[in-house]
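Here is a brief report on one protein model. It covers salt bridges, a pocket and a surface patch.

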Amino acid sequence: MVRTPSMSDLNEVVYGQEHLNRDDLSFIFSLKVADNAALYGICVYVQEIVQRPPGILAMNLGTSEPFSSTSRFLVSAPRCYCILTKLPFFELHFEVLNSIIAQERLERITQFVNEMTLTDYVPPMVKVRERANGKAGSPTNIDPDDWMSSAIPIDTVLGATAAAAGLISESKVSSFSSRASEPPSPVSAAMSEASEFTQVKEWDRELKQTVTVVEDYISETSEGPRDSFDRVNDCVGDGQQSCDSRTPSLSRAIERIGSSESLYSSIRSSEEDDFDEVSVSGQENSFGTEGIMKWAKTHNNELLQIICGYHSLPLAPRGSNIAFQPLEHLPSLNYHRPGEVALKLMGGRICHVPSCKTSLEIAETNAALASAEEALALSTWTVATVCRALSLESLLALLAGTLLEKQIVVICPNLGILSSIVLSLIPMIRPFEWQSLLLPVLPKEMLDFLEAPVPFIVGIQHKSNEVSSKISNTIRVNVYKNQVKTCSIPHLPRQKELSSALEPIHAKLAAEGGSAGRHPVYKCNDVQTKAADDFLAVLRSYFESFFSDLRSHTITNVQSNNDRVSLLLKDSFVDSFPIGDQPFIKLLVDTQLFSVLTDAALSSYETDER
């Protein structure tokens, strides 16, 4: 953006809250990690001035020279705030990010107000007065290089906005107004732009060194974490710049761990979340969370306090509430973690888990609970989004391809809608559970995944020539065109009956599409919440009807040691459906998601007969 006398564009970036009024700036991506658990990335894009880093990182770069205050152009770009976690507390994670963003915005506005209070003298604006008095020259007489003559000095209210945005350091406030009245020469202007480019490269180098510094610091703390932090805290508490040759790097490590590790790498353990003695982040304090928090409070770094507080928040057991107070002046955040009764209503393996006697049975139960908790956390807002984005016909075609474990590509430039549609399939196919690759947002660097010889569901923002060449044999969902191009697959059993039951609910959710686009995708009103729950209830009842007579198609073999082994007679099961529905069921019984569900059901039959 170009600096203008009104600085309207700058004010919009500094004071606006666009991320709370759009559905394309909040989204979720996910990956599979070593233990086959899902790792979620909860992201919020915020348009910010990039002349200086965000407040949470500014402390790492405090020694850098500020940007040239006489630069004609300001650079704004979407900056992504992200939390990485294994726990599907999506709404809570989004609210924590919003608290961080709100606090940073508050600090900039506070700085702006302070600048206004300190202002005693407002220099005249010559160009503006000339226009007001009708003395402005004709457009043809305007010197194109004289743009600085209309620039607003830092001592004015509008000029202070630039300081609030972090474009000018406080030490430069007094000297800026005198420089602003003197238009720079072409050489100095070019040097100013080159200086900014050099500064960006310097920040990039420093940020890339963060991982190395953190690794070195962790290596040191693994030998004596408490001693290291005591030395650092002693130096920080005394207000000294350095105590010995090692203190600056350790202090630097504290800053970087707090800003990078806690915010961007809050890894949570779903394996340990069944034991109440774990923090929300699932990490021990070996990285010095307490030391970082003490440092943040000493230096009044409130952004870092939010991150450390959330990182060390105890994980509540299922069925209880999680309460988090980011800061005293920010609203308290509350989240109810669903209990086992609510999770069992989601259907699936959780309804057939055996009694937890062996370590294997405990692991199976934990996996079933985690899957149900993920589906429940996604159940409302993702379903509300997919119903307003796709017609019912397209939605049913997408469900059929998912149940038959086809390769599916969803294309939509809106990241919020894109990730919601892909994730909505998790709760919509319950009691089934997707067993293969699912990526709500596929990065450009990972397009080779489209050639994987396995079932997958991926989201892609844009359909490039490279993408088109790789997805010709997949089911392609074009969200903006509301089109689902499928290969030859049979329709769902009793599809007309299902469509009739879902149509009024889908219509109600589709009608909310206009207002839904004016807030983040994870926000739903009461109408959407109720309709989404009804929509899922119809689908769940429909899919569970497939197995209403499953037991009559099984045989049980009693072995010599009195162990029982049950087998499903697939041909008999398929023949129990009407002839018109059998083509779909024949393909369904060969899928992995069908086998996982029926194996759990057969195991429960064996237990009941003992």
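The sections below take salt bridges first, then the pocket, then the patch.

**Salt bridges**

This is a predicted model. A search of the whole structure finds 13 salt bridges. Three of them are tabulated here.

| Pair | Closest N to O distance |
|---|---|
| Arg318 – Glu373 | 3.2 Å |
| Arg337 – Glu373 | 2.9 Å |

Glu373 in helix H14 pairs with Arg318, which sits in the loop between helix H12 (302–311) and strand S4 (321–324). These two residues are 55 apart in the chain. Both Arg318 and Glu373 are buried.

Glu373 also bonds to Arg337. Arg337 lies in the loop between strand S5 (333–336) and helix H13 (340–344), so this pair ties together parts 36 residues apart in sequence. Arg337 is buried too.

Lys470 belongs to helix H18 (residues 465–470) and Asp448 to the loop between strands S7 (437–439) and S8 (456–460), so their bridge ties parts 22 residues apart. Lys470 counts as buried because its relative accessibility is 16%, under the 20% cut-off. Asp448 is exposed at 55%. Elsewhere, shared partners join Glu18, Arg22 and Asp24 into one network.

**Largest pocket**

The largest pocket holds about 730 Å³ of space. Its lining has 30 residues, with Lys32, Asn36, Ala38, Ser371 and Glu374 nearest the centre. Strands S1 (26–32) and S2 (38–49) and helix H14 (359–378) each give two or more residues. H14 supplies the largest share, seven. By class, 13 lining residues are nonpolar, seven polar and 10 charged.

**Surface patch**

Ile555, Val565, Leu567 and Leu569 make a nonpolar surface patch of about 310 Å². Ile555 lies in strand S11 (residues 554–558) and is partly exposed at 43% relative accessible area.

Conventions: Residues are numbered from 1 along each chain as its sequence is written. This is a predicted model: local features need pLDDT of at least 70, side-chain atom pairs count only at pLDDT 80 or more; totals for chains, interfaces and linings use all residues. Side-chain values use heavy atoms; hydrogens and water are left out. Patches are made of residues with over 30% relative accessible area and no salt bridge: like charges are joined within 9 Å, nonpolar side chains (Val, Leu, Ile, Met, Phe, Trp, Tyr) within 5 Å. Accessible areas come from the Shrake-Rupley method with a 1.4 Å probe; for residues, only the protein chains shown count as cover. A salt bridge is a side-chain nitrogen of Lys or Arg within 4 Å of a carboxyl oxygen of Asp or Glu. Helices (H or I, at least four residues) and strands (E, at least two) are DSSP runs, numbered from the N terminus. Buried means under 20% relative accessible area, exposed over 50%, partly exposed in between (1.4 Å probe, protein chains only). On a 1 Å grid over the protein atoms alone, a cavity is a set of points where a 1.4 Å probe fits but cannot get out, and a pocket is an open set with protein on both sides within 12 Å along at least five of seven lines; lining residues have an atom within 4 Å of a point. Grid points are joined across faces, edges and corners, and a volume is the space filled by probe spheres set on the points. Ala, Val, Leu, Ile, Met, Phe, Trp, Tyr, Cys and Pro count as nonpolar, Asp, Glu, Lys and Arg as charged, and the others, Gly among them, as polar.
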